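Welcome! Please take a moment to look at the sequence and the 3D view below, and then we will walk through the structure together.

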Amino acid sequence: MGNNKKKKKEKLTPADVTRYIFLGICLIPEGVVLVTFICSLVYFYTGNNISEANRNDIVRMYDLGISDILFLSTTIGGMVRTAKKKKPVLLTGLLMKIAIFCVFIGVLLTKEDVPHSAYYTFFGLAIFIFAMIVLIFKCAGRSLGTSGDAVRSERQRNNNLQLKFHGFDMESLRKKATEEYLYLKSKTPEQLGGEDKKLIEEYAANEVTYFITWLVTRGYTSAYFKKRFNNDMTLIEKHFDKDKWGSSPTTFVKTYLKNNLRKSDVVPSVQPFLDWYLTIPDSKALSFTHPAKNMILRREADINRNKYVFDYYRYVTQRDEKGIPVKFCHAFSWGTFEKLAKVLDERYKTFLDTGNEGRGNTSLDKGKHYSKTYDKELSVQVKKDVDDAYVSKCLNSFDGTEELIHDELIQKIESLLELDRVSLDRDIKEALNPFVIEIFPPKDEEVIAYTVTADVTGAHKGMADRYTDVEPRVILCWVIKNNVLVNVYPLIGSFSPWDFEEEYSYKRKISKGRKREEYIETRTVPIAFSDQNTEYIALTPEVKELKDYYDNMVEALMKEQMVDQYAFEACYTPDKQTLSKIIIKGIKQGETPEIVISAEIEV
C-alpha cells in the first residue's frame, strides 16, 4: 500500500552524503594512478623498452599497480556498503588501505638489502590491522542482531515498524478494480464507457475512503487536512454524518482529497500507527504456526497478521452468487464501515499498548484473595475497564477450577521444566507457589477467563520478569477459560486469555470432545483459487474457523497480486487414523516459486 518501493524512496542521511563525498575524493587520485599504471604497461611492452636497467622499475610498478587496484576496490566497496546502509564504512575502509599499504612497503623492502626485521614489522602490522577489521565486523554484526534467534526476531520486528507509509497506491488500486469490473461485467477494456470508468474510480477509492472515514469520525485528522477544504466543517458534517445526511464519504474523498491520504492529513500522534498498520509486511515475516512455538514468534505473528490489507479483505470484501470474493466492485456502506471501525479501534489500541508492555503498567491492585486449594493469599491484579462484578465471577470460580485442572496442570509444568532442564529440590506439588491472579477486560461476559502466575520454589533457573527477586526463580503463568486449562508458559511478558493464540487454543481444546457427526466437510482449496470441484476434509467447527481465517489472509494477498497459487496439506499420525495438523501455503509462481505466506495449524 505504500512500502513496495521503500528502498527507492529512502532518503540519504547527512552521514551518507559525507561518506559519498569522502569516497569520491579518494577515487580521483586512485583513478589517476590506475590510468598511469596502464599507460606505463602499454609504453614498456608495446615499445620493447624493457631492459635490465628498468626491469626493477617495472616490478615495482606492478606492486604499485596491484596495490592501487586494491585501494580502488576498497573505495568502490565502501560506496556499495553505504548504498546498502552497512556500517561501519569509513573506518574499515581506512584500516583496509593502511593494511594494504603496509603489505606494499613490506614487499618492496624484501627486494632491498635491509634487515629481515624491517619488512617483518610491516607484515606483522598488516596482519594486526586485518584482525582488527574482522573484529569490527563481528561487533557490528552483533549490534545489528546477527546472533541468537531472539535478537534476530527483535530486529525483524523493528524492521516491520520502520516501514513507512507514503500514501495508498492508487494506480495499482485502479488497475485491480478495473480487472475485477471487467470480469464481473464480462466486458473488454474497449467496451468501457464513461459511466463504467466513473464507477471504477469510486470502487478503487474504497480502501482509502473507509480508512479516512475512521480517521475523521475519531478526530484523528490534522489542521493540514482541514486546509485542503478551506476549513469548511459543514463539508465534514455533510459527508460523514450518516444519521443526518446519509451521504457517502466517497464524494468527499474524490473531490477534496484526490482519492488519497497524505501522512500530513493525520495528527502527528497517530502517524506512527499508519507506518505500523497500513504497510504490507515482507513475505519473510508471514509464516505462522498455531499454537506459536514460543513467545517471540507469537508476538511476531501478531505484528504481521494485524494489518489493514488483511482486515479490509476480511470485513469489507463481499462474495458473489458463486462465492467468489469481490473486493473492489461495491459501493461504500455505512453498515460495513461500522464493522470495520470496531476492528480499527482495536488495532489502534493494540498499537498503543505495544508501547506500554509489562504486566504492571495498566493493572490495578484489587487486594488479596484467599485460596483454599493452595492455602494462601494471592494478589489480585485487574486491568483497567474491568468491572467489579466480573472480578467477583473470576475469583468465585478460582478454587473450584484449580481442583479440576490440578493434575493436568502439574503434568504440563513437569513437562515444561524437563524441556527447560530445570531441576527441583522437592516435589512439584509442594514447589508450586501461585502468587497473583490477573484479570483482563472480557470480550464475552459469560466466559470466565483469567491468568494465574506462580513461582516454582527450588528451581535452579531464573527467568527475567519484574517479579524476580535477587534469588533466581522459575516463574510460570497459566491461562484459565471456563474451567479449562488453556496453556502454561514460562513467564515472559503479559498473557491475556483473549489474545488470538489463547482464544483459538481454547476453542481447539474444547473441540477435542466433539462427535464425528459434528465435523464439517470443508473444501481443501478455497473457491477464490478454484471454483471447480476439489477435495474435502472433515474438520471441527473450531479448526475450520481457524482454516478460514488463514485462507482469508492468503486470498487477501492474492488480490494484492502477491500470491497466485494455494497449497494445502493434511498431516496424520503414524497410524494414519487421526489428523494431526494442516498446512496452508500461498505461493507466488516464477522461475523460483516463492512461499509468500504459510500457516501450520495443530488440530
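## The largest core

The largest nonpolar core has 50 residues, and those touching the most other members are Phe168, Phe211, Trp214, Leu261, Phe273 and Tyr308. A nonpolar core here is a set of buried Ala, Val, Leu, Ile, Met, Phe, Trp, Tyr and Cys residues joined through side-chain atoms within 4.5 Å. Buried means under 20% relative accessible area, exposed over 50%, and partly exposed in between, with a 1.4 Å probe and protein chains only. At least two residues of this core come from each of α7 (170–185), α8 (194–204), α9 (206–217), α11 (233–240), α12 (249–256), α13 (271–277), α15 (308–316) and α16 (334–354). Helices (H or I, at least four residues) and strands (E, at least two) are DSSP runs, numbered from the N terminus.

Apart from this core lies another, of 36 residues, including Leu395, Phe440, Leu485 and Val488.

## About the model

You are looking at a predicted model, in which local features need pLDDT of at least 70 and side-chain atom pairs count only at pLDDT 80 or more, while totals for chains, interfaces and linings use all residues. Residues are numbered from 1 along each chain as its sequence is written, and side-chain values use heavy atoms, with hydrogens and water left out.

Leaving aside residues up to four places away in sequence, Leu261 touches Phe165, Gly167, Phe168, Val208, Phe211, Ile212, Leu215 and Val266. Contact means heavy atoms within 4.5 Å.

In α12, the buried residues are Pro249, Thr250, Phe252 and Val253. They lie on the same side of α12, because they cover an arc of only 165° around the axis; the arc is that of the directions from the helix axis to the C-beta atoms. Just after α12, Lys258 has a positive phi of about 55°.

## The open sheet

Now for the strands. An open sheet of 6 strands runs in the order β4-β5-β6-β7-β8-β9, with mixed pairing; two strands pair if DSSP finds at least two bridges between them. Its edge strands, each pairing on one side only, are β4 (363–371) and β9 (484–490). Strands β4 and β5 (residues 376–383) run antiparallel and are joined by 7 bridges, and Leu364 stands opposite Val382 in β5.

Helix α19 (residues 500–510) packs on the sheet, where it touches β8 (474–481) and β9.

## The whole chain

In total, the protein chain has 20 helices and 14 strands. Of its 603 residues, 45% are buried.

How values were computed: Axes are lines fitted to C-alpha atoms, for helices over the stretch in contact, and angles run from 0 to 180 degrees between N-to-C directions.
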